[in-house]
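Here are some friendly notes to read with the model open beside you. Take the points one by one and find each residue as you go.

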Amino acid sequence: LPCTKTLVVDDSGVSLRSVTKALEAIRLSCVGVANPVEALQLLATNPFDLVMLDVDMPQLTGPEVCKKLRSLPLHAKTPVIFLTSLNRFDVRMSTAQSGGDDFVTKPFMPSELAVKALTHIFRRHMDAAHG
């Protein structure tokens, strides 16, 4: 995966580090930010191959960030995987309705995170290659 860039957005420093570490272990380049507003500024001007979004953040929730990033030409089809400790139906619904592609419950296993990340990145590259 040449130059695969992942944006990780999580207001918890511990969670941000553990997600970044799990993805860097499989050689994905990560940019980690704690502030969802800052994340949207990065998304507006930078291409990313994958976005990992915490659901519950101050200022903007993960689903709000996802809705906004879907309106950006660069990220209309970028895979978005949500991360949350809130394993409730309404939370899953809101992530799906906002345009999210997948969902990982915290605490997560690094291997599960890695498999989901790679699956979505490969799928996106295959879709792009086939028009």
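**Notes on the predicted model**

1. Cys 66 is buried, with a relative accessible area of 0%. Here buried means under 20% relative accessible area, exposed means over 50%, and partly exposed lies in between (1.4 Å probe, protein chains only). Cys 30 is buried as well, at 16%. The sulfur of Cys 66 has its closest cysteine sulfur in Cys 30, but that is 18 Å away, too far for a bond. A disulfide is a pair of cysteine sulfur atoms within 2.5 Å, and the count by this rule is zero.

2. A word on how to read the values: this is a predicted model, in which local features need pLDDT of at least 70 and side-chain atom pairs count only at pLDDT 80 or more, while totals for chains, interfaces and linings use all residues. Residues are numbered from 1 along each chain as its sequence is written, and side-chain values use heavy atoms, with hydrogens and water left out.

3. Next, look at the nonpolar cores. A nonpolar core is a set of buried Ala, Val, Leu, Ile, Met, Phe, Trp, Tyr and Cys residues joined through side-chain atoms within 4.5 Å. The largest has 20 residues, of which Leu 7, Leu 43, Leu 53 and Leu 69 touch the most other members. Strand 1 (5-9), helix 2 (36-45), strand 3 (50-54), helix 3 and strand 4 each give two or more residues to this core. Helices (H or I, at least four residues) and strands (E, at least two) are DSSP runs, numbered from the N terminus. A second, separate core of 16 residues includes Val 19, Val 104, Phe 108 and Ala 117.

4. Which residues does Leu 53 contact, leaving aside neighbours within four places in sequence? They are Val 9, Gly 62, Val 65, Cys 66, Val 80, Ile 81, Phe 82 and Leu 83. Contact means heavy atoms within 4.5 Å.

5. Now find the loop between helix 3 (62-70) and strand 4 (80-84), where Thr 78 lies. Thr 78 is buried, at 5% relative accessible area. Not counting residues up to four places away in sequence, Thr 78 touches several residues, among them Phe 48, Asp 101 and Arg 124. Ala 76 is found in the loop between helix 3 and strand 4 too, but Ala 76 is partly exposed at 39%.

6. Side chains of opposite charge can pair when their charged atoms come close. A salt bridge is a side-chain nitrogen of Lys or Arg within 4 Å of a carboxyl oxygen of Asp or Glu, and the count comes to six. In one of them, Lys 106 pairs with Asp 10, with the closest N and O atoms 2.9 Å apart. This pair links distant parts of the chain, 96 residues apart. Lys 106 is buried at 19%, and Asp 10 is buried at 0%.

7. Lys 116 has two salt-bridge partners to look for. Asp 102 forms a salt bridge with Lys 116, the closest N and O atoms being 3.0 Å apart. Asp 102 lies in strand 5 and Lys 116 in helix 5, so the pair ties together parts 14 residues apart in sequence. Glu 112 also pairs with Lys 116, at 4.0 Å between the closest N and O atoms. Lys 116 and Glu 112 both lie in helix 5, four residues apart, about one turn of the helix.
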